[in-house]
Amino acid sequence: MRAITGEARHGEEAGAFSAQAFAARIADVGHDGVSADRGDHLLNAELASDLDQMVTAGKMRDAAVLVPVVDRGPEATMLLTLRNASMRKHSGQIAFPGGAIDPGDGTAEHAALREAHEEIGLAADRTELLGRLPRYLTTTGYSITPVLAILRPPFDLVANPDEVADVFEVPLSFLMDPRNHRRESRVWEGRERSYYTMPYQERFIWGVTAGIIRTLYERLYA
């Protein structure tokens with residue numbers, strides 16, 4: 001992972017939402033605060049004790065996702081996937097490429113790249129790793145490390161039909177605009193749960209994916 005110098009500080013030269021400006025913001029912020037966990041409990045304070053107990057008892061499974069920003073000139077995009085409707089968990093939902101960290105992975109970065117290759121055929125040599133976001137804890141028992149990266153076109157993607165129904169891109173400027181972040185709620189397992197949604201055209205981004213995007217906004221763009 002190379003060090004990023006802030007050559008395009010906050011995008012004044014390359015565009016506020018270019019990949020270069022994205023990298024410069026990460027370099028400016030550094031790694032302070034990455035150890036402060038985020039998660040479902042931030043919008044649902046009553047879940048904090050449940051998550052604490054799961055962490056203390058070692059019941060959280062480590063996972064990693066790749067948060068890929070595609071270098072599209074002055075208007076970068078974020079690459080997302082639509083999970084296959086036949087998947088056992090989170091079927092039909094929008095997600096980042098990623099999954100559980102296997103014993104042989106060694107690092108969250110390796111796991112995120114491996115999963116991205118398995119799910120959408122992304123070659124690691126088209127990917128520039130920039131850093132991490134704080135872990136995102138879920139009440140379904142996952143401790144997710146979001147790995148930030150820039151994707152350099154051209155690249156060929158082939159979705160694994162067993163896992164991914166579609167791969168698409170959303171403008172980074174849309175996702176980093178808080179006016180597009182909605183807070184909604186519903187009753188799940190007898191409790192009212194709040195979560196973020198970010199509807200874009202016919203896509204409905206919500207849940208953990210929207211929570212990670214919101215964390216990215218708060219860390220880099222707020």
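The following is a short exchange about how terms are applied in this predicted model.

Reader: What makes up the chain in terms of helices and strands, and how many residues count as buried?
Author: The chain has five helices and twelve strands. Of its 222 residues, 50% count as buried.

Reader: Why is Pro178 called partly exposed?
Author: Its relative accessible area is 36%. Buried means under 20%, and exposed means over 50%. The value for Pro178 lies in between, so Pro178 is partly exposed.

Reader: Where is Pro178, and which residues does it touch?
Author: Pro178 sits in the loop between α4 (172–175) and β10 (182–188). Leaving aside residues up to four places away in sequence, Pro178 touches Arg214 and Tyr217. Contact here means heavy atoms within 4.5 Å. Pro178 and Tyr217 are 39 residues apart in sequence, and their C-alpha atoms are 7.9 Å apart in space.

Reader: What share of contacts join residues at least 24 apart?
Author: The share is 65%, taken among contacts between residues at least 6 apart in sequence.

Reader: Why is strand β3 called largely enclosed?
Author: Strand β3 covers residues 77–83. Six of its seven residues are buried, so β3 is largely enclosed by the rest of the structure.

Reader: How do you know that β2 and β3 pair?
Author: Pairing needs at least two bridges between the strands. Two bridges join β2 (residues 61–70) to β3, so the pair meets that cut-off. The two strands run antiparallel. Val70 stands opposite Thr77 in β3. β2 and β3 form a hairpin, with six residues between them. In the turn, Gly73 has a positive phi of about 75°.

Reader: Which other strands pair with β3?
Author: Strand β9 (residues 164–171) is joined to β3 by seven bridges, and the two run antiparallel. There, Leu80 has Phe168 as its bridge partner. Strand β4 (residues 94–95) also pairs with β3 in the antiparallel sense, over two bridges. Thr81 stands opposite Ala95 in β4.

Reader: What makes a set of residues a nonpolar core, and which members of the largest one touch the most others?
Author: The members must be buried residues of the nonpolar kinds, joined through side-chain atoms within 4.5 Å. The largest such core has 37 residues. Phe22, Met78, Leu175 and Ile205 touch the most other members. Among the elements that give two or more residues to this core are α1 (19–29), β8 (142–151) and β11 (191–200). The largest share, seven residues, comes from α5. Apart from this core lies another, of 16 residues, among them Ala108, Ala111, Leu122 and Val147. In soluble globular proteins, nonpolar side chains tend to be buried together.

Reader: Which residues does Leu175 touch?
Author: Not counting residues up to four places away in sequence, Leu175 touches Met78, Val170, His181, Met198, Ile205 and Ile213.

Reader: Why are α1 and α5 called roughly perpendicular?
Author: They pack at an angle of about 70°, with axes 9 Å apart. Angles from 65 to 115 degrees count as roughly perpendicular. The angle falls in that range, so α1 and α5 are roughly perpendicular to each other.

Reader: Which residues meet where α1 and α5 pack?
Author: From α1 come Phe22, Arg25, Ile26 and Val29. They meet Leu216, Arg219, Leu220 and Tyr221 in α5.

Methods. Residues are numbered from 1 along each chain as its sequence is written. This is a predicted model: local features need pLDDT of at least 70, side-chain atom pairs count only at pLDDT 80 or more; totals for chains, interfaces and linings use all residues. Side-chain values use heavy atoms; hydrogens and water are left out. Helices (H or I, at least four residues) and strands (E, at least two) are DSSP runs, numbered from the N terminus. Buried means under 20% relative accessible area, exposed over 50%, partly exposed in between (1.4 Å probe, protein chains only). Axes are lines fitted to C-alpha atoms, for helices over the stretch in contact, and angles run from 0 to 180 degrees between N-to-C directions. Angles under 35 degrees count as roughly parallel, over 145 as roughly antiparallel, 65 to 115 as roughly perpendicular and the rest as oblique.
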